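Let's take a walk through this structure together. Have the sequence and the 3D view open as you read.

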Amino acid sequence: MATRTREGTVLEPRKTKLKPPPLFKVILLNDDYTPMEFVVVVLQSFFAMNREKATQVMLKVHREGMGVCGVYPRDIATTKVEQVISYARKHQHPLQCVMEET
């Protein structure tokens, strides 16, 4: 819908396309000290996985050295990483959690 000003100029509304924000993968890294059961609890608690899915991701971390826990916008991914690391340290485990852009 065009709008005409007093000077006679016609203003056309411009449609701008916003591109979606970048997404980030939250990744758990394998270590030789964190118990597998603790990793399953972390996945269930912080990533809302059921026990079966959490066990699958934990085994992927164990066998392949890393596993993706989820994909989120930057602020949510950052919060998840901080929560996991804080929880692991509180329980005296060296579990590492990182994020990378998809």
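What follows goes from a pair of helices to a nonpolar core and then to a loop. Keep in mind that this is a predicted model.

Start with helix α1, which covers residues 36-47, and helix α2, which covers residues 51-64. They pack at an angle of about 125°, and their axes are 9 Å apart. That angle makes α1 oblique to α2, and the crossing of the two is right-handed. So who meets whom here? On the α1 side you'll find Met36, Glu37, Val39, Val40, Leu43 and Gln44, and on the α2 side Arg51, Ala54, Thr55, Val57, Met58 and His62. Sorted by class, this contact has seven nonpolar, three polar and two charged residues.

Now for the largest nonpolar core, which has 23 residues. Val26, Leu28, Leu43, Phe47, Val84 and Leu95 are the members that touch the most others. Two or more residues each come from β3 (23-29), α1, α2, β4 (66-73) and α3 (74-90). Helix α1 gives the most, with seven residues.

Setting aside residues up to four places away in sequence, Leu43 touches Leu28, Ala48, Met49, Ala54, Val57, Met58 and Cys69.

Last stop: His93, in the loop between α3 and β5 (96-101). Is His93 buried or exposed? Its relative accessibility is 17%, so His93 counts as buried, the cut-off being under 20%. Apart from neighbours within four places in sequence, His93 is in contact with Thr34, Pro35, Phe38 and Ala88.

Methods
Residues are numbered from 1 along each chain as its sequence is written. This is a predicted model: local features need pLDDT of at least 70, side-chain atom pairs count only at pLDDT 80 or more; totals for chains, interfaces and linings use all residues. Side-chain values use heavy atoms; hydrogens and water are left out. Axes are lines fitted to C-alpha atoms, for helices over the stretch in contact, and angles run from 0 to 180 degrees between N-to-C directions. Helices (H or I, at least four residues) and strands (E, at least two) are DSSP runs, numbered from the N terminus. Angles under 35 degrees count as roughly parallel, over 145 as roughly antiparallel, 65 to 115 as roughly perpendicular and the rest as oblique. A crossing is left-handed if the near helix is turned anticlockwise from the far one by less than a right angle, and right-handed if clockwise. Contact means heavy atoms within 4.5 Å. Ala, Val, Leu, Ile, Met, Phe, Trp, Tyr, Cys and Pro count as nonpolar, Asp, Glu, Lys and Arg as charged, and the others, Gly among them, as polar. A nonpolar core is a set of buried Ala, Val, Leu, Ile, Met, Phe, Trp, Tyr and Cys residues joined through side-chain atoms within 4.5 Å. Buried means under 20% relative accessible area, exposed over 50%, partly exposed in between (1.4 Å probe, protein chains only).
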